[in-house]
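I kept these notes while going through the model one item at a time. Each entry records what I looked up and what I found.

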Amino acid sequence: MLITEILNALQFSMTLFLLSIGLTIVFGLMKIVNLAHGTLYMLGAYLGLSIWTFSNSFWLAFFFAPLATALIGAILYSCLFKFIQRVDPMRQVLLTFGLIYVGLDSVRLLWGSMSHSISAPELLSNSIQIVGETYPTYRLFVIFVGLFVLVVLYFLLEKSKMGAMVRASVDDHETTQMLGINTNKILFYSFSLGCGLAGLAGVTVAPIVGVEAGMDMEVLVLTLIVVVVGGPGSLKGALVGSLLIGFIDTFGKVFFPELALITMYAAMALILIFKPDGMYSKL
Amino acid sequence: MGALVSMKYKIFLMIIVFILFTSSLSKAENIKIGLLLPYSGAVAIIGEEITNALELAFEEVNFEVSGRKLEIIRADSEYKPNIALKKARELISSEKVDILAGTVSSSVALAVRDLVVATKTPFIVANAGANQITREKCSKYIIRVSFSNHQINAPMGPWLSNYGIKTAFLLSANYAAGKEQMAAFKNTFEESGGKIVGEEYTPHRKTKDFGPYLGRIKNSGADAVYVFYAGGEAINFIKQAHSFGLSDVMKITGAGWTTSPLFIPAQKESALGFIGILNYVPSIETDVNKNFKRMYQEKYGRIASEFAVQGYDVGKMIIEAVQSLSGNTSDKNLLAEKLSKVSILGPRGRLDIDPKTNNVIQNMYVFEVVNSDEGPILKVLDKIEAVKDPGTNCLL
Amino acid sequence: MSAVQYDKQLRSYLFLALCCSAILINIFGDYFTQFLLAEIIILSLFAMSLDFLAGRGGMISLGHAMFLGIGAYTTTILYIYLSIDPFLCSLITIIIGLILGYLIALIITKTHGIFFIMITLALGEMFHSWAFTNDSLGGSDGISGIARPDLLFMGLDLNEPLLFTYYLIVWLILSYLFLSAITDSPLGRNLDAIRQNSNRVLSLGGSVKFYKSASFGISSAIACLAGSLYAQLNGFVSPELSHWTVSGEGLIMIIVGGIGSLSGAILGAAVVHVLQHELSKLVDWWMLLMGGGFILIVLFMKDGLWGIILKFKNYIMEKIC
């Protein structure tokens, strides 16, 4: 029983991680909170749905949906986000708020109102026995995807030259520019990557939670909490925040089902009282 | 700059005036049917199904009864009681609809209930299943053609008991409909000698992962789990239950919407083996049903669900009632009376309205999801005829 | 965080014009128009509370809808479970809003800018989730049976839409006068100073924390009032009222009106609400249009309708002099 819960919590944490890492990097670099990040998660799931329906291959959907979402992110950056960096925080937030409404209806117009789901691939459709309990293999796969991305991003950010430039941009944007580094290109790629990761999260969990309009709102507030609690701009913060929120939420549901939704917000409020800028903020 | 600004302002004003003007254009001689349903958001599909089939019924008579045209006015309830109440007010006082039909959600229906009674507007309930609508809150102006939560679930108590289920675990969403349905089953199941070993309610429309609950259900040792879910939750529950191997240790049963034809395409094989109960299944072998299915499939490209059938029956009911009045809808009391006296033979079978409660009397179909050439289908195991709702505390 | 140009005279005239329009619409409108007008007045109260918080206090709250919910639910509980007179319920709700807002602000004014926005969002969602799942508050179905104040001793039946809308207009006038007075008072001056440069105020010995928390409390009180009146208007309350998108739409309203203009907030609330209503009747994809509209408004409306009216007034003044 306990093992199942720990794995469930871990799986949820990895989903949150995939979502929050994109948002936190964008926040750290551009100081913009993109409320429409959840919309990109939803788009990833829907694009994955279309690819899977058309080709009957989960893996094609899994591979191409995040790429398509990253492309949409690139377009969004070039047409909109690039120009609103100097705008005050409220207007930035409300702009992305408008994007949410646009995204929601667009999805409904393009794909209809039905609730859908994607079937997990044959390879991962069974379950395995862990310490005497049945656990679906696919959920282990979700955990694996999250960990894989974590490792790749770690090496990218901490050990590569590109990563150093990104970290420099987060720490001090102007000085980095003065050193001759093309921060605009960095922003462009980071934003697109962040959106792609959100799309990856969407298509990865689609076999478990389904694909329906409104799924963006469900993860949005949680993702924001993870970013705020973990501290914007920090990979470690996103990881720790995701684990914290993921475990509190899952175990909260197990032990206090009536207070399931509140335990998390309460934990967040507590952390922010003591550390108003988040745990590992780089700002 | 000043001229540009006032120009923008003028255009803006003109747009507003135009919108207000066009929205007030409408013919007086038409029979107006106000449809208060969700057309946006997560349950928009159900609003669509009901509207589609209603229009199908009206098409059969060319949208005309006794020389008057039938006009449908849609209002998006957005599945929110406060917004729906506002739209209902508009339909009744501004648009002056002759008949109000809807709603999907019971809380919306209850929110508008006092309004329809105060304004004496005939209100045909096309889906909302809260028991009280045809019990304490019944009224001669409210006619329910869909079902009551009790009606659907109560027959399963004795049926599952006979089938060999001795212990059951209840699982549903934490809102009035979920609780009423579980309670209806629990009462009759316990009366038939069954025992409930566990009961849990998940946060309504906010539950994506049933993992924690599935663990507890498996460990309970019950013979069966009895559930009710709709929409995305139904899809996720059935799929996740399958991936956790729940059907290896117990029977998965419950209210039939959980494996509705709307959700089977997403659930696929994970739905196999589910035993449920509904007021309509596509596999009913009557000519009326076969005809209806064909028409719906041709026009909308998919199998008609139980929601669509309810919409179709609402349409047929309106046509029959208006015909019996020769098109004269001016007396609201008479209109409400005629609506409550219709008796139709629809795709569900025979439908009558119970004069004591104004709730529909209909057949219930116990089914099992089995495989076929077209994929999983709902195969009828049993038909329970003329099921009524007790209608306690209804003073009609 | 910049507010619009201050013009007390224009603000008062605009308010007067809006009130007269409201009264005329109330007299000549049909049953539903009166109801829509009532909603607009309540939303105006909410918009004014946000406008005061943003325009004077310099704080943007994306969770203020929670006070709408707190106001509505408090009134409901007081009336249904404690059988307190409906009018008294509204008064008690205002006081609770004031105290609660002040206490919450004491904790959260540590944060600034985007963090403040995020924490208000999270707090708002916390309340919304609690109201949604809590069975004693009716959960996702809500509670019904809330009555309006009894003015029968004056010969007035507030169950009539016409009279209840007048009742709401009275509350609107009182709230406007109150917020207006605060704006012109020493407290208002202090808030303006803090908004422009809080460090300077601190170095001059002013208590930034007190003033900011006080303004937050005042703003919450008005928002709670709006919630209370909304519960009485509909006769029931449900959790959707406190969802964060309601806060978002409120902020859009004050941008349309012009942040800091106070009367502009009323105009903004009216315009946005009527547009939303008409759009949803026109097409099924009204959310797409609304989202697009929000984006355009945020990008291009600097001083909102207030700015346009101000320019118009200056133009007229120039012509005359």
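Entry 1, a parallel pair in chain B. I looked up how strand 7 (residues 167-173) of chain B and strand 8 (residues 195-202) of chain B pair, and found that they run parallel, joined by seven bridges. I picked out one residue, B:Ala173, and its bridge partner in strand 8 of chain B is B:Thr202. I then followed the chain from strand 7 of chain B to strand 8 of chain B; the path goes through helix 7 (residues 176-191) of chain B, and this β-α-β crossover is right-handed. I note here that the model is a predicted one.

Entry 2, the six-stranded sheet. I traced an open sheet in chain B with six strands in the order 2-3-1-4-5-6, and its pairing is mixed. Which strands are at the edges? They are strand 2 (64-65) and strand 6 (142-144) of chain B, each of which pairs on one side only. I reminded myself that strands of a sheet pair through backbone hydrogen bonds, either parallel or antiparallel. Strand 2 of chain B pairs with strand 3 (residues 68-76) of chain B in the antiparallel sense, over two bridges. In this part of the sheet I found B:Glu64 opposite B:Lys69, which belongs to strand 3 of chain B.

I checked which strands helix 2 (residues 44-60) of chain B lies across, and they are strand 1 (31-37) and strand 3 of chain B. Its angle to strand 1 of chain B is about 160 degrees. Helix 3 of chain B lies across strand 1, strand 3 and strand 4 (99-102) of chain B. For helix 3 of chain B the angle to strand 1 of chain B is about 180 degrees.

I looked up the contact and found 26 residues of chain B touching 26 residues of chain C. On the side of chain B, the elements that give two or more residues are helix 1 (2-22), helix 3 (81-94) and helix 4 (106-118). Helix 3 of chain B gives the largest share, eight residues. I sorted this side of chain B by class and got 11 nonpolar, 10 polar and five charged residues.

I looked up helix 5 (residues 137-159) and helix 6 (residues 161-171) of chain A, which pack at about 75 degrees with axes 5 Å apart. That angle makes the two helices of chain A roughly perpendicular. From helix 5 of chain A the contact uses A:Leu156, A:Leu157, A:Glu158 and A:Lys159, and from helix 6 of chain A it uses A:Met162, A:Gly163, A:Val166 and A:Arg167. I counted four nonpolar, one polar and three charged residues in this contact.

I found A:Phe63 in helix 3 (residues 58-79) of chain A. A:Phe63 counts as partly exposed because it has 14 C-beta neighbours inside 10 Å. I also looked up A:Phe155, which is 92 residues from A:Phe63 along the chain, and the C-alpha atoms of the two are separated by 21 Å.

How values were computed. Residues numbered from 1 in each chain as written. Chains lettered and ligands numbered in written order. Predicted model: local features only at pLDDT ≥ 70, side-chain atom pairs only at ≥ 80, totals over all residues. Axes fitted to C-alpha atoms, helices over the stretch in contact; angles between N-to-C directions. Helix = DSSP H or I, 4+ residues; strand = E, 2+ residues; numbered from the N terminus. Parallel < 35°, antiparallel > 145°, perpendicular 65-115°, else oblique. Contact = placed C-beta atoms within 7 Å. Nonpolar A, V, L, I, M, F, W, Y, C, P; charged D, E, K, R; others polar. Buried ≥ 20, exposed ≤ 12 C-beta atoms within 10 Å, placed from the backbone. Pairing = 2+ DSSP bridges. Right-handed = clockwise from strand over helix to strand, strands pointing away.
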